[in-house]
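Have the structure open as you read.

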Amino acid sequence: MLSKSQARTFFLGGTGVFAAIFLALTVDSMKRIPALTHADQLTESVVRGKRLWEANNCMGCHTLFGEGAYYAPELTQVVERRGKPWIRLFLKDPEKMFPGERRMVNYRFTDAQTEDVIAFLDWCGHVNLQGFPPKPPLRDLLRPAAVTASGTAASQPELFRTICIACHSVGGVGGVVGPALDEVYRRKTRDEMLVWIADPQKLKPGTPMPVIEMTDAQRAEIVDYLLDLAGRTPPPANGRPTPKTPAEVYE
Amino acid sequence: MKYKTQKIAYWFFAAAMGLLALQIVYGFIMGFARIGMDGLHPWIPFNTARAVHTNLLVVWLLCGFMGSAYFIIPEESGRDLEWPVLAWIQLISLLVVGVIAVGCYHFNIWEGRKFLEIPRPLDYLVVVNVLMFLANIGVTLWKGTHPTTTALVLYMGLLFAALLYLPGMIQEDNQTVDSFYRWWVVHLWVEGVWELIMGGILCFLLIKLTGVDREVIEKWLYIIVGLTFLSGILGTGHHYYFIGTPRYWLVVGGIFSALEPLAFLGMAVFAIAMSRKGGRRHPNRIALTWSLGCAVMSFVGAGFLGMAHTLPSINRFTHGTLITAMHGHMAFWGAYAMIVLAMIAYALPLLTGRRLWDTPAANWAFWTSNIGMTAMTGALAVAGITQVNLERRIGLDFMAVQHEIEMHFVGFLLAAALFTIGIGLFLYTFWRHGLPSQEAMAPESAPDTLAADLAPEAR
């Protein structure tokens, strides 16, 4: 068995060797990180955004690169996922976008600060994270082919894909704050939908649905898409109704 | 208590207990927020509660480590502490900095980097504080009799913990580089030098409590801390998988972090073997229970549960989910909270002269808190696994999944209540010991002489 001095040599020697390897790998990493992170695109706006990110301890709820507090969504690639218009709208009044849900402090960013935060998150979204976050491997297995056709982001209008989908779902993809929209064509006419989107309070005072600024053409495009689902979405399998969302139960 | 100046340890322990109680309060605030009861949100939003919860953990553990050092170092060096007044200044200033930092979090003032939230100006005060501490125990050790291995390992652990605090103060524009050095503090503390501190304290306790020969115990200490660094330094790589660093970290981090449980396994086997060998003759049974409990729970929490999600192919899906919170709770409890509680259970009767070492309340405190923490970890594990499957593997919306796992947090809160009862009993036992007294200095009432009689130490 080892003597005490041999044990000490093992401790000191091992620590020395592995600390040296670690330092060497650190030097090498520092050389490669600029390329992996597109450090040349670290604009002043991105850096200001990072300072805002830290000054408000965003990591205390959210995660970024998977690091943070698991209370609020992962924000890596959030710009790609939600789009800049949605984030601008959301940061103006976070609770208004997700009424009755988990709350976020309204930090009252100026428009310039909002752009800085978005620039920072956008920069983070382009860092090479070695495959993180992973594409959900079971998603395609669980979605019937017919629904996939209408549910794919590709067929959705730009605004619908970035903004509406945050609260509503189509084909099982999207948020759960508002009701699923797969069969909204059964409940509402074209005109009703147009009025509803333009001014929800007019049809139902007190509804938590926010007014989203858009042109008439954009509104028509969204309504056309929702009516179009009638032709493509099959009736729910086994006659099961679409699952109730909290908002529906509330109604 | 052999030396009058060891008394300062009591006040560090008392401070640690107060901060632990406050940490639990903020834990409950977060637990309730997760089941939708977030009425405190306008004053204490989740990020504030979270920062307070984790920072108080670090501060009370550091208080516990410092108290342990103030107790152990004079004993191992065979002399009084060099500057007892400085120790008092250091304790008070540490608490003042802590209170200011916690206050800042309630007014949205921070550095805002996970675990390193304290505003930067306060960082410098922490550095000064730690320098006072290191100087005090360092000089005591230097001027003492031939320094023992246990004391040296403990001192090295504390010294490197202080040095590794510095990379966390580098300000960086690149988020990846920022995170890279942030882990030098966080990882190399908890999976590196803190294990040195833990090993040092555990060795001291085993030497005192089991009566096994010092040479044997200290030889194993070297092997275990050797294994810690062998795996833990390059094991830092498991934090570098997905933050924008080169791909080789997936291999390096995967291999070496998979070896990390070895050190904890070694610690558990060693502690149990030593207690068997020594025949557990020391009357302070509860201190030995905490020591062995610490060795076992640190293997389960830090070693096994860490191993469960450290491989890159698994971590790709669990990274940034509640699985990390699951591992974190039992790891910190087993490895660091329990070693401090073990040290307190050992030192209190010696500091106060009251032999409350095997009371029913003390035993209930051990079992209730451990069963509570195990159940909390279980609840987080179920919530975490559900989150991984629904969010990361099926691709459901984040909030939809959070609603699905809400009920697990009801279970989590019930388990936390049980844990809190255990900690309450520990605090009650602490309070019953009363204050440090001169009578504890009298040789006949110093129980340590009993242990020394039973098993003479080979110095």
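Let's begin with N57(A), which counts as buried because its relative accessibility is 0%. Keep in mind that this is a predicted model, so every value here is computed from predicted coordinates. N57(A) sits in the loop that runs between α2 (44–55) and β1 (63–64) of chain A. The phi of N57(A) is near 45°, which is a positive value in a residue other than glycine. Why is that worth a look? Most residues other than glycine have a negative phi, and most peptide bonds are trans.

F65(A) lies in the loop between β1 and β2 (67–68) of chain A. Is F65(A) buried or exposed? With a relative accessibility of 0%, F65(A) counts as buried.

Then there's a peptide bond to check. The one leading from F132(A) to P133(A) is cis, and its omega is near -10°. You'll find P133(A) in the loop that links α6 (111–125) and α7 (139–142) of chain A.

## Two domains in chain A

Chain A splits into domain 1, covering 20–125, and domain 2, covering 139–246. Where the two touch, domain 1 of chain A puts in 11 residues and domain 2 of chain A puts in 10 residues. Together they bury about 950 Å², with carbon and sulfur atoms giving 70% of that area. How many salt bridges run between domain 1 and domain 2 of chain A? The count is zero. The tally of residue pairs in polar contact between these domains, with both residues at pLDDT 80 or more, is also zero.

On the domain 1 side of chain A, the elements giving two or more residues to the contact are α3 (78–82), α4 (84–92) and α5 (94–97). Of the elements on that side, α4(A) gives the most, with three residues. Sorted by type, the domain 1 residues that touch domain 2 of chain A come out as six nonpolar, one polar and four charged.

## Where chain B meets chain A

Now for the contact between the chains. Here 83 residues of chain B are in contact with 73 residues of chain A. The two chains bury about 6900 Å² between them, and 62% of it is on carbon and sulfur atoms. Which three residues supply more than any other three of the area that chain B buries against chain A? They are D173(B), Q175(B) and Y222(B), which supply 10% of it.

There are six salt bridges between chain B and chain A. One of the salt bridges pairs the side chains of E215(B) and K4(A), at 3.5 Å from N to O. On the chain B side, helix α7 (residues 214–235) provides the largest share of the residues touching chain A, namely 13 residues. Taken as a whole, that side of chain B divides into 40 nonpolar, 23 polar and 20 charged residues.

## Two buried polar side chains in chain B

Start with Q23(B), which belongs to helix α1 (residues 8–34) of chain B. Its relative accessibility is 9%, so Q23(B) counts as buried, the cut-off being under 20%. What does the side chain of Q23(B) join in a polar contact? The partner is the side chain of W60(B), at 3.0 Å. Setting aside neighbours within four places in sequence, Q23(B) is in contact with H53(B), L56(B), L57(B) and W60(B).

R120(B) is the other stop, in helix α4 (residues 120–143) of chain B. At 17% relative accessibility, R120(B) counts as buried too, because buried means under 20%. The R120(B) side chain reaches the backbone oxygen of M169(B) at 2.6 Å. Not counting residues up to four places away in sequence, R120(B) touches E111(B) and R113(B), along with G168(B), M169(B), I170(B) and Q171(B).

Key
Residues are numbered from 1 along each chain as its sequence is written. Chains are lettered from A and ligands numbered from 1 in the order in which they are written. Side-chain values use heavy atoms; hydrogens and water are left out. Contact means heavy atoms within 4.5 Å. Buried area is the accessible area (1.4 Å probe) that two parts lose on being put together, summed over both. A salt bridge is a side-chain nitrogen of Lys or Arg within 4 Å of a carboxyl oxygen of Asp or Glu. Helices (H or I, at least four residues) and strands (E, at least two) are DSSP runs, numbered from the N terminus. Ala, Val, Leu, Ile, Met, Phe, Trp, Tyr, Cys and Pro count as nonpolar, Asp, Glu, Lys and Arg as charged, and the others, Gly among them, as polar. Domain bounds come from an automatic or database domain assignment. A polar contact is a pair of N or O atoms within 3.5 Å; within protein, one must be able to donate a hydrogen and the other to accept it, and residues adjacent in sequence count only if both atoms are side-chain atoms. Buried means under 20% relative accessible area, exposed over 50%, partly exposed in between (1.4 Å probe, protein chains only).
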